[in-house]
Structure formats: structure tokens, C-alpha cells
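Visitor: I am new to this structure and would like to be guided through it step by step. Could we begin with how the chains meet, and then turn to the DNA?

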Number of protein chains: 2
Amino acid sequence: MKRNRLEIPPPRGRPRSGEAHAAILAAAVALVREVGYDALTMEAVAARAGTGKATLYRRWKSREALVSEAVGLIVARIPVPSTGSTRRDLLAVMRDTVRLYADPATLGLLSGLVAAMARSPVIARAVRNGFVAAWSDTVRRVIENGIARGDLRRGIDIDLAIDLLGGCFSNRALVTGRPIDDRLARALVDAALRGFGAPA
Amino acid sequence: MKRNRLEIPPPRGRPRSGEAHAAILAAAVALVREVGYDALTMEAVAARAGTGKATLYRRWKSREALVSEAVGLIVARIPVPSTGSTRRDLLAVMRDTVRLYADPATLGLLSGLVAAMARSPVIARAVRNGFVAAWSDTVRRVIENGIARGDLRRGIDIDLAIDLLGGCFSNRALVTGRPIDDRLARALVDAALRGFGAPA
DNA sequence: GAATTACGAAACGCTTGCGTTTCGTATAAC
DNA sequence: GTTATACGAAACGCAAGCGTTTCGTAATTC
């Protein structure tokens, strides 16, 4: 087939390695979890990815740009349950969240990024549009299903409910250090149904 | 009066300067707020305090020791209101908390310490025993008063309630970036009274 | 096979902060 | 006045990481 004249010409030299690209992003993600954003160095990323530093700077203009792209790829997607019961749906999501926070990598990721988010809008956007949004969307679906089912009141502040539920987890993980376990999941569901449930 | 023989002898040379001590701690606190723990350097603390580095190392054996002592001194104490109404009491505390978070220094302090807390038990303890405990104690009092008054149910999980309320603030400040204002304060009080209030 | 570009590795000069030491001065007990 | 300690300031040698450049090699187009 003839090449379309309007196509951009193919690049001349050796193409950039997709493997290197993936390895670099994976290394950046791992290092954010392990040492946080502030202590993450380009040298360490290159070393772990098995590339030279020049390859990093050839593709990303700064550490901030590299890390924000890497972080954007992290999405711990929790399935939206559909058990037919709002209580069981909520419980399923909360228990999955407990498991998510039980992974030390999640704590490392969050704690390692919070400081950077406060100072870099680029990092903040990547985190919020990434796995923060993924988690919120799941909870939102469950709540909307609960409303449609008539178990939760119409007109409740869904964003507030999401913040309350998610905030409790992140607060325990990042600030108070209190336990995050299935007992908490049950207590949260009970509280949510009391606070946002339709009157019996 | 004769000196008691059992007393420890007074130190021989020039006594350590209390002013320098206070200036160093104040400088450390300010720098934690501005740049976070990871980026806080002993040189910067000394420079801001107007002392030499030697004075720092003469008194604290490490950056961690210095910062944890400094952080322990920060306590934004919120008064325990006593309006006679559980709703108004809660509202007063939540509004004070909104004001607390409206101060950029609070956000800087929290975000700058979260990463350090995840890696240093010493820092974590200082923060939790300091202003985290101070805030929690205030809310606990208000809730206990509400229970005693019969407005909140006996047997509720007070720690959970505190985590829910406080977590919503810290989650918005540190993670989601959603607004923290008086509207949120009202919504939180409404939710708390629904979730933990006694049946009418 | 010539030209072009990316690769990993290594070294570059530079800056920052480390924790320590040295200096002359100041403030206390004896 | 002697001794002892703390002071602020400055310099020390050291290590880490910056962002760049150079090298010989590999992959791709023309």
C-alpha cells in the first residue's frame, strides 16, 4: 500500500525503546512507595530501571514530570459490587478498601506523595485524577445504587459521604495510626446507613 | 543558707542559653511548616535561629530528635464549647477546625510531617501526642457531653466518630483538596447528629 | 552501507548539606 | 584571676545528587 502523502514521515534513527519506558515508570512507582517523592532521585530511578540517566532526561524534562506520569498510572481499581443489598454492597467496598490499606505499599504511596501534592499542582492532579478518583467513583456508584434502591435518602451530599468514608481510612493510615480492619469496615457501614439511610 | 551536701553541684562554666534553645525550636517549627520534614536542614534551622550549627548538635543528637521535640510543642488548642446545646457545641468545634485548616501553616505542617511519620516512630508519636491528641480530646469532650445530655446515643464508638470528623478535614486538606468551609462544618454536624444522635 | 537516532555506561563540574573542628569571645563558678 | 563551658562564625573533608556530555554500540531508514 502506498504511503499517504499527508502522513508524517517515519522517524529516521533508532526508535525509542518501549521496554525502557515501561521499566523507568515502574521503577519510579516503586521508589515513590519506598522512599517517597522528596527522597526519590533520578539516579535511583535509572539504576533500578537498568537505564542511563540520559535516557530519563531524553524523555522527561524533570523529576516532577516523570513522577506525575508514573503516579497517574497507579489505579487500584475496586470492583463495584452488586449483591442486591445496599448494606452488603457497602460492606464489600469497605472491606476491599481495608485490604487495600493493609498493603504497606498503599501507605507508602500516600504518605510519600502527600507532601509533594501540597507543593506541586501537577503531582496533586495526577494523584487525584488517578487512584483517588478511581476509589471515589466506585463508592459513588454504590451510593447511587443505594439511593436508586431507596435504601439511602435522595438528596444526601454524596461527596460528603465519600469524604467521610475515605477520610476515615486515610486519616487512620496517615495521621492517627489507628487500626484499619474489618471491624472498622462494619462500623463505617453502620454509621453510613444511620447517617444517610432512609427512615425505616 | 548553706548548700545541701546532697545537691548536685552547679555546672561550672557558662550556662546554656535559654533564648537560643527557644529560637532553635521556633525555627524548626517554622521550617517544618514551610518546607516539610524531608527538606528541613540543620543549616537552615541554625541560620534562622541565628545560632551556629554546633549549638544545635550540642543539644540534639540528630535532626529527628530536634524536630520531634519541636513538633511536640505545637498544640493548636481549640476550646471546649459549652452552649447548652449539643448541636451548637459541635458546630462551634467544627467551625474552629475550619479556621484551623484555613491557616496555610496547618496544611504545611500536616503535609510536611505525614511522610516523616510513616517512617519515624519518634516523629509519629510526637505529632499524635501533640496537636492530634489535643484536637481529639476536645471533640471527645463535646461528644461525651452530648451523650450525658442524652442527645447522642450511649454506646456509640466515640473514637470512630472522632476519626470520621477529623478524617474528613485531613482528607480534604491532604488528599482530595476539596474545600474546607463553614458549609462543611454544618454538613458534618448534621451527619454526626443523624449517625450518632439519639432517636427522637 | 551511509546517515541518523537511541541506547547504557561513565565521567564531568557543580551545589548542597552532612557532622566535626577550630577560632576568639562571653558568662558563669571557684 | 583562673578555670570551665557555651556562644556564634567559619572552615573542614566527605558524600550524594544534580543536569550535561562523551563514549562506543545497537537499531532503524534511506
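Visitor: How many residues of chain A are in contact with chain B, and how many residues of chain B take part?

Guide: This is a predicted model, and contact is judged here by C-beta atoms that lie within 7 Å. By that criterion, the residues of chain A in contact with chain B number 32, and the residues of chain B that they meet number 32.

Visitor: Which element gives the most to the side of chain A that touches chain B?

Guide: The elements that each supply at least two residues to this side of chain A are α6 (104–119), α7 (121–149), α8 (158–176) and α9 (182–196). The residues on this side divide into 14 nonpolar, 11 polar and 7 charged. The element that gives the most, with 12 residues, is α8(A).

Visitor: What is the relation between chain A and chain B?

Guide: Chain A can be laid on chain B with an RMSD of 0.0 Å, by a turn of 180° and a shift of 0.0 Å along the axis. Because 100% of the interface residues of chain A are also interface residues in chain B, the copies meet through the same surface.

Visitor: Which element gives the most to the surface near DNA strand C?

Guide: DNA strand C is surrounded by 27 residues, and among the closest are A:Arg14 and B:Arg14. Two or more residues come from each of α2 (42–49) and α3 (53–59) of chain B, and likewise from α3 (53–59) of chain A. The surface divides into 8 nonpolar, 9 polar and 10 charged residues. The element that gives the most, with 4 residues, is α3(A).

Conventions. Residues are numbered from 1 along each chain as its sequence is written. Chains are lettered from A and ligands numbered from 1 in the order in which they are written. This is a predicted model: local features need pLDDT of at least 70, side-chain atom pairs count only at pLDDT 80 or more; totals for chains, interfaces and linings use all residues. A residue is near a molecule or strand if its C-beta atom, placed from the backbone, lies within 6 Å of it. Ala, Val, Leu, Ile, Met, Phe, Trp, Tyr, Cys and Pro count as nonpolar, Asp, Glu, Lys and Arg as charged, and the others, Gly among them, as polar. Two residues are in contact if their C-beta atoms, placed from the backbone, lie within 7 Å. Copies are superposed by least squares on the C-alpha atoms of residues with pLDDT of at least 70 in both.
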